[in-house]
Amino acid sequence: MKLYNTLSGQVEKFVPADANEVKMYVCGVTPYSATHVGHALSYVVFDTLRRYLEYKGYRVRHIQNFTDVDDKIIQRAQESGVSEDELVEEFIGDYFSAMDALNIQRAAEYPRATREIPRIIDAIAGLIDRGHAYPTAGDVYFRVTSKDDYGKLSHRTLDSMIAGARIQVDENKEHPMDFVLWKGAKPGEPSWESPWGPGRPGWHIECTAMSLEYLGEQLDIHGGGQDLVFPHHENEIAQSECYTGAKPFSRYWMHNGLLQLGSDKMSKSLGNLVSVVEALERYSPDAMRLYFLSSHYRSPLAYSDEGAAAIERSLDRIRHALTPSNGSGPQVNPSSHAARFATAMDDDLNTPQAVAALFDLARDINRGRDAGQRIDEGQATLRELGGVLGLTFAERASSDTELAAAPFIDLLVSVRSDLRAARQFALADQIRDGLAEQGVALEDSAQGTQWQYQSPD
RNA sequence: GGCGACGUAGCCAAGUGGACUAAGGCGGAGGUCUGCAAAACCUCUAUUCGGCGGUUCGAAUCCGCCCGUCGCCUCCA
């Protein structure tokens, strides 16, 4: 299997340090607002990576953090008149329900910054001891000039960063690019005791401390959105390699392209967010996953209702391929599609090609059914490969209202069947049209009439 | 200003030197089936890959320039 490594800027053969267990760390969210579809894209990508690795026989130890103390959390909590803890608990709950709905497998552990303070303090103290960090005026900064390959992930030099000229000059810093490891407490902020006075951890150090605690000194895969490459991941590398001396901190760095809304990046600062809850009111979890996986994970993807609706329609054909059949002819052979699927996934997770293989398999199954062939082997493969992409092929869950209406729809369909048998087609069509207006689609076949609620589009 | 990515059919999107007379999906046209539909299936829907040059026996794929879009450099998946 090959994966693109941001560190080298190249597609590389994937070889984990331990042939049996892949150590994967994925940056989690800062829980202060609703989980949005951009988050969903990122976690679907890494969930799919994990599922494929497991499909190939690896054991995957997946760790993902929650940044549960930061400026935005403090600010939002104060605005809302709730405690930081309450705010964080609310949005962690929102996060998990969104991820569960999207069939994203849970990580082995979800460490939180506030519960790893001793570990974080140890790391900061160690960095100071080794000359890579310095305390000043209640804060502690990382000394970027102490790491000669600082910038190797984002492929920049310190000089080019300074040329950006968007750095706030801080009198206490030795170098403008030095970043904070420990923030001295301001009045009213949550804080913890430390050798440098009360305060809280900077953003980057938590990931260093947690990955060390839960995965050891070196990771196989570190993932996140492309917006984390700099400064977050660059700084993680600096901290971790300077603290442990083990290089590389992570063997592979993987970054997903960001979801765009219209022509802009979907982001908290722009406020152009679509929450996962809103999206799932309109589209099935399978459609959301398939939408994200129908373009390559490193490309930016524009989110649109039209696009999601098109994907939802395409799923119908795959779902149809999974309906039972009583064919008795030779089996439809899925092996070439399975091979194509694996080849695609092995090639830096080329999910668009893998999805194409799924659609081709579905067509073969449907064709085989029409020809009276047996299709259960093909269906088993389709379910298995779809499962690697995290697809469940479940029908859309019905609302309570829809469930309550079902007996009446059954009755109407039954009456219509009698009318058709009596060749009263005008009346039968009237019922079909009327149900269609109510969002109920009918399909007649030799086995009788099936009906279902239309997915919105 | 610095760094980087991208521009493929009406739309989304793979392919990055020869099997490309360019995958897959949506949409569209015609057909099979059907009482008629729907669904499914079949056929068709880019002689061409932003533009112009160049390298090569050969380029969507490599190089140069130009045009356009976007991201990062600041909180962010």
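Which residue in S8 is the bridge partner of Trp182? In this predicted model, the bridge partner of Trp182 is Pro201, which lies in S8.

The strands S5, S6, S7 and S8 form an open sheet of four strands, in the order S5-S6-S7-S8, and their pairing is antiparallel. At its edges stand strand S5 (133-136) and strand S8 (199-201), each of which pairs on one side only. From one strand to the next, the twist of this sheet averages 20 degrees.

Another open sheet, also made of four strands, has the order S4-S3-S9-S10, and here the pairing is parallel. Its edge strands are strand S4 (59-64) and strand S10 (250-256), and because each has a single partner strand, one side of each is left without a neighbour in the sheet. The twist in this sheet averages 20 degrees from one strand to the next. Within it, Tyr25 has His222 in S9 as its bridge partner.

In general, the strands of a sheet are paired through backbone hydrogen bonds, and the pairing may be either parallel or antiparallel. The table sets out one strand pair from each sheet.

| Strand pair | Sense | Bridges |
|---|---|---|
| S3 (residues 21-26) and S9 (residues 219-225) | parallel | three bridges |
| S7 (residues 179-184) and S8 | antiparallel | three bridges |

The opening pair of residues can now be placed: Pro201 is the partner of Trp182, and S8, the strand that holds Pro201, is an edge strand of the antiparallel sheet.

Notes
Residues numbered from 1 in each chain as written. Chains lettered and ligands numbered in written order. Predicted model: local features only at pLDDT ≥ 70, side-chain atom pairs only at ≥ 80, totals over all residues. Heavy atoms only, no water. Pairing = 2+ DSSP bridges. Helix = DSSP H or I, 4+ residues; strand = E, 2+ residues; numbered from the N terminus. Axes fitted to C-alpha atoms, helices over the stretch in contact; angles between N-to-C directions.
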